[in-house]
Amino acid sequence: MSSKPEQHLKVGDWWYLPQQDKLVKFSAAGEITATADLDNLCQKAVNYFIVNAGRLITRDEILADVWGVRDVSDGRISRVIRVLRVALGDDSREPTYIETIPKRGFRFIAPVAEVMLAQGDELTGAVQELTSPAVKPQLVAAKPRPSLLRNLGLISLAGCALLYLGWRYLYLPMQDTNIKPFARFDPISSMIGLEYNAAVSPDGRHIVYNHLLPDYETVELVLQNLENFETRVLLSGKDLLSGPTWSPDGQQIAYQKKVGKVQCEIRRITLDNEKTRLQNDELLTTCGAKSLGGRLSWSPDGAYLVYPHTPDGLQHSVLMLYPFAGGKQEQLTIPPQTSQGDFAVRFSKKGDQLAFIRDDGGSAGQIWLMDLASRSSRLLLQLSGSYPMNIDWYDNDSKIIYPTSSATMSVVDVSTGHSEVLFNTFDTVADTLVSQQGRIYSTVGQYRKTNILKVENPLFHQAPATEQVFQSSRSENIAEMNPVEGGPAAVLTSRSGLPQIWLYYPDGRQQQISNFTESIISKGMEFSPDGRHLLASIGNAVWLFKEGEPPKKVSKAEQSAREPGWSHDGKFIYFSSSNNGRWQIMKVNINTLQQELFSTALDYFKESPDGQYQVGRRISDGGYQLTRQDGTVVNLPVESSGFAPPQMILRSQYLYFSQRIHENKTRIQAYDLQTGEVHDLKLEMNFSLKRFSVSINEKYVYSLQGTPGDMDIVEVKIPE
């Protein structure tokens, strides 16, 4: 018998196409707007759920009928369920597709109905291949799937064994053979928008956090009672409010306030005894205008506050110790020149140590410890596939808890440096904290969904037309448009669990070109001038991709590399590499991968497609410069700071760059390479989506637009 449905089905909000063996969504106009692209194992699992809709399915049945074996761990089943929930847009807390029946199994609860096509309606080959807009099937009659469909035959043991081996060794290799539990989340906040930077009062009765409204401009500082869930907005405005931390007596809260690009303050608010209203808001000290918006920490004895600060003239953030009794402030850390600095810090519960996060070349994070008695620091853990925005002390200060990836939480032993997964999650986890009572809180959810708009370049059109050329689901993180018209877009997606790079072609064809075996962090991608090759900044490495060829690692294992770019003829790659704590530009032949030193005076370099212009950033002062073919050097009116260097695209007529106009907004501007005049394209993007693309002929600008996501504060419950 067939292992998949043989009829066209309506499955919740999805349509099942048997010819393609895929779940898709249609627009009102009949166009395919989304595809639940799953690997073979996950597609087989969802097919099994569909044909057994409404029935309790035990884990043993899944092992036997999906894997075809019985020696697969329960943890592997849970991972497949998580992938399916992400792909279908399901929520484990309020499921609409897959319901978990504790200690028994799962039930597919979405309605499943057969679809009969109206006369004259048919799914054409174009629909089957997902290569063009299709006629949406007209629902003439629907009937529930008969329960007899569950009596499907088993797949051959050999085929299942091969499928299992592919899953085991290629799809999700386990780093820990011990199966870790999946945590349950009890929601704390439930506002529309993003709640983050949570801090729990010493008595465990109140929580304070930041709330970014869906306009991506208004930020609130919210106080919530954990006993009756009553919330109060303490502060609200367009300024960036971040990093709240409680005083030991629970009556005061320190926080960072950034006013545009010109002012940074560390402030303290005082609450009344009942914690129902704000009594006072005072300035403690100032921090550099380019300071990172990071966590603050109040010492357990109430004597000190530690906060991030970017001194004038520096490009990285340091940690400062502020004494409440008065006296000189002390700089605690000295990050290397290749780091963006230290941006999150936590006093240990005993108050004798600090744990903090240090940026590593803008592409990875590190967990550091400082002994406050000796002021000595040491690297505890180098991270690769995660970049936590917060960490905390755990298990009586013997461990540090941190997000390992979007779906796991880990701990690292402060004595041995040994790390292990503590629990798995069904939702994306951004950070974590531990209360004085030992309760774990975290931020979960999706920050945004990313869409791409194709805009006729306003420099050449009075009333530029706009069209949406890419719409993401929950799994896409980065999308890069091809500079050549008709070329594929590059998309970093986690639709199959681990992040992978796919090429999306205009005709609907899709091709995976990477095979990462662990979670990664990508800072961006860039196509070659001819649109055939793709550069990707992955962690501290630079990779080269081309469809039909195995990926090539351009940078060496010992190098920390970032900001790759192409030569005008596409034969060479330039990237910034650290050498003994300083950045330099390397030049690489794409055929031989042979490296040569190109510049020690610059830490950023790009060429125009015609080879007439070059853009670089000076190491000496961080300023950007334009070099013309005749050797003339011109300073550029481009600003750069901390984690927010502007994206720059050099073409033959203009240099396009992003500039921050608000804490959460950027705007695309263009510098005329002939006249030096700066033009505002009036194309705004959310600050976190500052990446954009420009076609080689400069006719089109592709800007990323974010649909606001939703992130909530939750209490984490780890199963016994």
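This is a predicted model: local features need pLDDT of at least 70, side-chain atom pairs count only at pLDDT 80 or more; totals for chains, interfaces and linings use all residues.
Residues are numbered from 1 along each chain as its sequence is written, and side-chain values use heavy atoms, with hydrogens and water left out.

Student: How far apart are the sulfur atoms of Cys-264 and Cys-287?
Tutor: A disulfide is a pair of cysteine sulfur atoms within 2.5 Å. The structure holds 1 disulfide. Cys-264 and Cys-287 form it, and the distance between their sulfur atoms is 1.8 Å.

Student: Is that disulfide left-handed or right-handed?
Tutor: The torsion about the S-S bond of Cys-264 and Cys-287 decides this. It is about -75 degrees, so the disulfide is left-handed.

Student: How many residues apart in sequence are the parts that the pair ties together?
Tutor: Strands (E, at least two residues) are DSSP runs, numbered from the N terminus. Cys-264 lies in strand β16 (residues 263–271) and Cys-287 in strand β17 (residues 278–287), so the parts tied together are apart in sequence by 23 residues.

Student: Is Lys-682 buried or exposed?
Tutor: Buried means under 20% relative accessible area, exposed over 50%, and partly exposed in between (1.4 Å probe, protein chains only). Lys-682 is at 61% relative accessibility, so Lys-682 counts as exposed.

Student: What is the phi of Leu-593?
Tutor: Most residues other than glycine have a negative phi. Leu-593 sits in the loop between β43 (582–589) and β44 (595–599). Leu-593 is not a glycine, yet its phi is positive, at about 60 degrees.

Definitions and conventions. Helices (H or I, at least four residues) and strands (E, at least two) are DSSP runs, numbered from the N terminus.
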